[in-house]
Amino acid sequence: MFSRLFHSLVPHGKGSVLRAPLAGTVIPLSEVSDPTFSSCSLGEGVAIEPSGCRVVAPADGKVTAIFPTGHAVALHTHDGLDVLIHVGLDTYKLGGRHFTVHAQVGDTVKQGDLLIEFDREAIREEGYDITVPILICNAAEFSSIKGRVGDTVLELDKLITARER
């Protein structure tokens, strides 16, 4: 009898924590002005209004994609999360201006490794929204994805918790 009660109170599935890949204020994806992100069609997660100018690896893993323009990076973490970090909205149109890439596809990275540097003010001056969506692209594999919406985070603060089914 007690074992069933105890089992019902304990959360099921392993939890994976994704750390903040950059500093800033966390907002819900629904507030991102690009429907590709706000509709969660690419995955679930949060967005950050950045206060810094660099993106670091939010977890140990492997770089699976870096866009040639340097505005986005995809990782597969050792915990099984497929993560997309997209710096700004429509920033691919900058053709790589204001971005410096520090990683390559296939690189194994450790949490905190520098991936991308960007000039936040120069991007804004060119008229682009600098909001950074951070997506778990394989969210369907998890029973819940919860982010720290409304908080201000520093690099590598806890950002998203994904609970396995």
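**View 1. Arg97 is partly exposed, with a relative accessible area of 43%.** Here buried means under 20% relative accessible area, exposed over 50%, and partly exposed in between (1.4 Å probe, protein chains only). The model is predicted: local features need pLDDT of at least 70, side-chain atom pairs count only at pLDDT 80 or more, and totals for chains, interfaces and linings use all residues. Residues are numbered from 1 along each chain as its sequence is written, and side-chain values use heavy atoms, with hydrogens and water left out. The side chains of Arg97 and Glu126 meet in a salt bridge at 2.8 Å, N to O. A salt bridge is a side-chain nitrogen of Lys or Arg within 4 Å of a carboxyl oxygen of Asp or Glu. Arg97 sits in the loop between S7 and S8, and Glu126 in the loop between H3 and strand S11 (132–136), so the pair ties together parts 29 residues apart in sequence. Helices (H or I, at least four residues) and strands (E, at least two) are DSSP runs, numbered from the N terminus. Glu126 is partly exposed at 36% relative accessibility.

**View 2. Salt bridges that share partners join Arg120, Glu121 and Arg124 into one network in the region of helix H3 (residues 120–125).** Arg120 bridges to Glu121, with the closest N and O atoms 3.5 Å apart. The side chains of Arg124 and Glu121 meet at 3.1 Å, N to O. Both lie in helix H3, three residues apart, about one turn of the helix. Arg120 is buried, at 15% relative accessible area. Glu121 is partly exposed at 37%, and Arg124 is partly exposed at 38%. Not counting residues up to four places away in sequence, Arg120 touches Pro50, Ser51, Gly52, Cys53 and Ile130. Contact means heavy atoms within 4.5 Å.

**View 3. Three strands form an open antiparallel sheet in the order S4-S10-S8.** Strand S4 (54–56) and strand S8 (99–101) are the edge strands, each pairing on one side only. Neighbouring strands are turned by 15° against each other on average, direction ignored. Axes are lines fitted to C-alpha atoms, for helices over the stretch in contact, and angles run from 0 to 180 degrees between N-to-C directions. Three bridges join S4 to strand S10 (residues 114–118). Arg54 has Glu117 as its bridge partner in S10. Two strands pair if DSSP finds at least two bridges between them.

**View 4. Strands S5 and S6 form a hairpin with five residues between them.** Strand S5 (residues 61–66) and strand S6 (residues 72–77) pair in the antiparallel sense over five bridges. Val63 has Leu75 as its bridge partner in S6. In the turn, Gly70 has a positive phi of about 80°. S5 is also joined to strand S9 (residues 108–109), antiparallel, by two bridges. There, Gly61 stands opposite Val109.

**View 5. Val83 is buried, with a relative accessible area of 2%.** Val83 lies in strand S7 (residues 82–86). Leaving aside neighbours within four places in sequence, its contacts include Leu18, Val73, Leu75 and Ile136. Pro28 is 55 residues from Val83 in sequence and 16 Å away in space, C-alpha to C-alpha.
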